[in-house]
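My notes follow in the order I took them.

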Amino acid sequence: QVQLVESGGGLVQPGGSLRLSCVASGTIFRISVMGWYRQAPGSQRELVATVTSGGATNYADSVKGRFTISGDNDKNTVHLQMNSLEPQDTAIYYCSADLMKAAWGPSYRYWGQGTQVTVSS
């Protein structure tokens, strides 16, 4: 089994900061990509940011310059530093990991349970 556990969500005022963390555990051979997605009420889940095992990052245009994603391959961990938060950043944030459970197995995407981020005064 594979588990992704997120932490760090909460309520913050506009302009504030939060740091999300996610740890992957279980039967893991190799993680190729970890990332963060979010889903606001009435909206589809959307990409926020991803980071590969090699350190390459990708961001949604809406968060560029405000959010920073970082990964720790040794600890199977990914963080999302969110600065200058805006009310439209309010959503449930989900951690994802594209990983292989064995050397010759397929790669699947696993998801965390989500953590609520609310930006409001």
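Entry 1, pocket. I began with the lining of the largest pocket, where β4 gives the largest share, four residues. Strands here are DSSP runs of E, at least two residues, and are numbered from the N terminus. I worked on a predicted model, in which local features need pLDDT of at least 70 and side-chain atom pairs count only at pLDDT 80 or more, while totals for chains, interfaces and linings use all residues. Residues are numbered from 1 along each chain as its sequence is written, and side-chain values use heavy atoms, with hydrogens and water left out.

I noted about 160 Å³ of space in the largest pocket. Of its 15 lining residues, Ile31, Thr52, Ser53, Asp72 and Asn73 are the closest to the centre. β4 (30-39), β5 (46-52) and β7 (67-72) are the elements that give two or more residues to this lining. A pocket is an open set of points on a 1 Å grid over the protein atoms alone, where a 1.4 Å probe fits, with protein on both sides within 12 Å along at least five of seven lines; lining residues have an atom within 4 Å of a point. The volume is the space filled by probe spheres set on the points.

Entry 2, strands. I then followed β4 to its partners, taking two strands as paired if DSSP finds at least two bridges between them. β4 pairs with β9 (residues 91-100) in the antiparallel sense over nine bridges, and glutamine 39 stands opposite isoleucine 92 in β9. β4 and β5 also run antiparallel, joined by six bridges; valine 33 has threonine 52 of β5 as its bridge partner. In the hairpin of these two strands, with six residues between them, I found glycine 42 at a positive phi near 80°.

I found one aromatic pair in the structure. Tyrosine 37 is in β4 and tryptophan 111 in β10 (residues 107-111), so the pair ties together parts 74 residues apart in sequence. Rings of Phe, Tyr and Trp (its six-membered ring) pair if their centres lie within 6.5 Å; planes over 60 degrees apart count as edge-to-face, under 30 as stacked and the rest as tilted.
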